[in-house]
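Let's take a walk through this structure together. Keep the sequence and the 3D view open as you read.

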Amino acid sequence: MASLLLIIIISFLTLQLSLSTAHSPVSFTIPVTKDAATLQYLTTLSYGTPLVPTKLVLDLGGSFLWLHCASRNTPSSSSLTTPHRSLQCLTAKTHKSTNSFLSGPVDQHHYQPCQVFPENSITGTIASEGELVEDLMALQSAESKTIHEHQSRFTCSPTSLLHGLAKGARGMVGLARSRSSFPSQVFDNFSTQRKLTLCLSSSKGVLLLGNVAYESEILKSLTFTPLVTSFPSQEYFINVNSVKINGKRLSLDVSEFNEQEGGGGGALTLISSIVPYTTMQSSIYNSFKEAFLDAAVSMNMTRVASVAPFELCFSSSQVGPSVPVIELVLQSEMVKWSIHGRNSMVRVSDEVACLGFSDGGVNLRNSIVIGGYQLEDVIVQFDLATSMVGFSSSLLTKKTKCSDFKFGSSVPAESI
């Protein structure tokens with residue numbers, strides 16, 4: 001009798017699990033826009049009870065979500081503070097430097113909320129206060145377009161931390177590899193694949209969290225390279241072994257940068273949504289600039305006066321689709337991140353287009369930082385389970401773009 005009861009219980013639980021899995025969303029779509037004034041990428045998340053849409057700056061390297069909770073007209077009735085000595089508090093504090101989380105003395109006889117001091121990565125400012133809370137967050141399923149609510153942890157920031165953010169933004173949503181980042185919480189709550197797929201645009205792009213349909217030839221043809229760990233940072237790094245302009249290798253000693261940065265065989269390169277344009281350490285940039293200029297002159301491009309913040313500018317009447325091709329050579333000569341005209345040249349006026357790369361100085365923390373402009377209309381997929389990042393060629397070469405993304409699908413509309 002006991003054995004029969006056990007079988008019935010197991011069968012029931014198995015059925016419940018299968019039903020739950022069958023109805024669980026496997027991916028979520030989060031619309032992304034670009035603020036023309038600040039060049040920051042923005043999204044809107046709805047949280048609390050009642051749900052309030054809140055504009056946030058997308059931070060690919062941010063460890064967690066922080067927002068200005070006081071911006072709500074009415075406090076959320078579902079908001080819960082996180083205890084100081086809880087596992088959730090400890091998890092949130094392990095992904096930043098100790099200085100970011102210095103707390104005052106703990107009163108053993110009174111309840112202490114968890115203090116996690118958020119950072120505005122635009123200005124580099126760290127708040128002197130920040131309470132970790134848990135509240136409802138709403139997401140849209142990519143498959144059914146239905147709205148799903150889940151418990152999410154984030155930090156309530158002071159008003160002063162909003163300085164430097166795009167107009168109307170009330171915080172930043174961190175997308176880094178940390179266990180406390182917003183994507184990691186979504187992956188854990190919905191038991192979906194730990195994949196983050198980004199398709200930025202100068203207008204309307206998209207962020208996908210979870211499983212991604214592979215019907216598209218574009219997604220099948222992504223080029224993958226390993227993510228590099230640079231402890232204690234949880235940002236997204238890759239190694240660049242060399243840089244080529246029109247197939248000609250720059251004379252760089254990347255082993256020197258590798259020794260300085262602790263990389264794994266190349267120049268440690270950060271992928272960022274906060275930096276507007278790709279930035280290089282001075283010695284790399286100077287070689288890069290001269291090589292690009294030589295290639296441009298050989299292609300009959302006419303140099304004109306510089307336009308801040310850019311140094312190399314050309315007559316736009318001669319800047320078409322045919323401009324020097326930039327290649328970041330990764331783990332082998334066969335694996336390259338190719339950057340063509342759409343992602344290398346910035347049109348600053350009807351007459352002038354400039355090379356969208358800048359000199360980061362001699363003390364740049366990383367040899368190369370790939371900026372947002374170079375990521376636009378390119379599918380970039382971060383697979384946290386395998387520690388790999390995949391990227392497509394420019395979607396424009398396939399006659400589509402990130403703004404063509406069709407909600408309810410998992411690929412740009414014209415590539416299905």
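Predicted model: local features only at pLDDT ≥ 70, side-chain atom pairs only at ≥ 80, totals over all residues.

Residues are numbered from 1 along each chain as its sequence is written, and side-chain values use heavy atoms, with hydrogens and water left out.

Let's begin with strands β2 (residues 41-47) and β3 (residues 52-59), which pair antiparallel over six bridges. Helices (H or I, at least four residues) and strands (E, at least two) are DSSP runs, numbered from the N terminus, and two strands pair if DSSP finds at least two bridges between them. Together β2 and β3 make a hairpin with four residues between them, and G48 in the turn has a positive phi of about 85°. β3 has another partner too: three bridges link β3 to β10 (residues 171-174), and these two run parallel. Here D59 has G174 in β10 as its bridge partner.

Now move along to helix α3 (residues 182-190). How many of its nine residues are buried? Seven are, so the helix counts as mostly covered; buried means under 20% relative accessible area, exposed over 50%, and partly exposed in between (1.4 Å probe, protein chains only). Among the buried ones are F182, V186, F187 and F190.

Next up is an open sheet of six strands with mixed pairing, in the order β14-β15-β18-β27-β19-β26. Its edge strands, β14 (228-230) and β26 (357-359), each pair on one side only. From one strand to the next, the twist averages 30°. At one end, β19 (residues 278-280) and β26 pair in the parallel sense over three bridges, with M280 opposite D359 in β26.

There's also an open sheet of four strands, antiparallel, in the order β20-β21-β25-β24. Its edges are β20 (303-304) and β24 (345-347), each pairing on one side only. Two bridges join β20 to β21 (residues 313-315), and R303 stands opposite F314 in β21.

Which helix lies across strands of both sheets? Helix α6 (residues 282-298) lies across β20, β21, β24 and β25 (352-355), at about 10° to β21. α6 also lies across β19, β26 and β27 (368-370), at about 130° to β26. For these angles, axes are lines fitted to C-alpha atoms, for helices over the stretch in contact, and angles run from 0 to 180 degrees between N-to-C directions; contact means heavy atoms within 4.5 Å.
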